[in-house]
Structure formats: C-alpha cells, structure tokens
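Subject: Structure handover

Hi,

Here is the structure I said I would pass on.

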Amino acid sequence: MKSMVVSFNVNGEPRRIAVTPNRSLLDALRSEAGLTGTKKGCDVGECGSCTVIMNGRPVNACLVLAVEAEGAELTTVEGLQAADGSLHRLQEAFIECGATQCGFCTPGFLMAAKALLDENPAPTADEIRFAIAGNICRCTGYTKIFEAIAQAARPVTQESA
C-alpha cells in the first residue's frame, strides 16, 4: 500500500509523517512520532487507554485513521507537562490522590479529564463520571481517579498557589 504524508501539530509542534491510508492515529503517534505515552490497549475503542485530544475533543486514537488528523491540533499525554518540566495540575492530583496503580490506563484518563476541564473548569460529579465513562481501569476501582479529577477542578486560591 502506498504511503502518504500527513501534517498536524502535536503538543504544539508541527509534524509531518508518512503513513499508509489504513494506519491508525495511535500507531502513527507511537511508531512514527515516537510518542509512546498514548497506550495501545484493546485497539477497538473499548478501553480508552489511547485517548488523545484532537481539535479540542477527546478521541480514541485507535479508531481514528492518521490521515483523518491532517491539519489537526493534537495533544497527547506528553503535552501535559510544561516546558520547564513541571507537571499539569491533573498529573499532580493523580499522584497526590494515589489515582495510579499499574499506570497503563492513566494517560487515557488524564487526557479525557483534561478535555473535560478545558471545556468545563468546574464540572459536577456526574459530568466527571460521564467524561471518563469511556475509560477502563482494572486496578483502582475509579474512586481515586474521580477524586483526582475533582481535586484538579477545584479553583486555585492564593493560599494554595
């Protein structure tokens, strides 16, 4: 199968990669772009481990063809960390709340939560549950993940800044 060049911005950087028309965005990000934080779990859109943000919306990268990302703005879990190395407030909250166990599902949960907080900085409990409903964790029981997202959603006060 003949490959084609796809151009998109990922984590603020322009990328041009050659892909075959049937290549998933997940495989292209991991193999061609070297961004292995996005996990390959089920490969059929059931687990959410491959969640990335595409043009402001969370998507399962295993279900999106790389060619569909032409011209897109993508954010992967690698894009959460600031240039100075500081962690995103979601990453800090996941650590503080003990929301990681094996860590395999964590990138997908972080990206689903980031998309939620970008759209709605003060979500209700039900909105948090809905936002992460497409992500599966086999270790934590979800309570600590929920608590971490709720903690990250709390406004930063002068005292805690």
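Predicted model: local features only at pLDDT ≥ 70, side-chain atom pairs only at ≥ 80, totals over all residues.

Residues are numbered from 1 along each chain as its sequence is written, and side-chain values use heavy atoms, with hydrogens and water left out.

**Cysteines**

Cysteine 62 is buried at 10% relative accessible area, whereas cysteine 139 is partly exposed at 39%. (Buried is under 20% relative accessible area, exposed is over 50%, and partly exposed is in between, using a 1.4 Å probe and protein chains only.)

**The largest pocket**

The largest pocket has a volume of about 380 Å³. A pocket here is an open set of points on a 1 Å grid over the protein atoms alone, where a 1.4 Å probe fits and protein lies on both sides within 12 Å along at least five of seven lines; lining residues have an atom within 4 Å of a point. Grid points are joined across faces, edges and corners, and the volume is the space filled by probe spheres set on them. There are 17 lining residues, and Arg57, Pro58, Ala112, Phe130 and Ala131 are the closest to the centre. β4 (57-60), α3 (106-119) and α4 (125-131) each give at least two residues to the lining. Helices (H or I, at least four residues) and strands (E, at least two) are DSSP runs, numbered from the N terminus.

**Helix α3**

Is α3 largely enclosed or open? 12 of its 14 residues are buried, so the rest of the structure largely encloses it. Among the buried ones are Phe109, Leu110, Met111 and Ala112. Their cover includes β3 (51-54), β4, β5 (73-75), α2 (89-97), α4 and α5 (143-153).

**Two positive phi values**

Most residues other than glycine have a negative phi. Aspartate 43 has a phi near 65°; it sits in the loop between α1 (25-32) and β3 and is partly exposed, at 34%. Asparagine 55 has a positive phi of about 50°, lies in the loop between β3 and β4 and is partly exposed at 49%.

**Two residues and their contacts**

Threonine 38 is in the loop between α1 and β3 and is buried, at 2%. Leaving out residues up to four places away in sequence, threonine 38 touches several others, including Leu26, Arg30, Cys50 and Thr76; contact means heavy atoms within 4.5 Å. Glutamine 151, in α5, is partly exposed at 25%. Beyond its neighbours within four places in sequence, glutamine 151 contacts Ala93, Glu96 and Cys97.

Cheers
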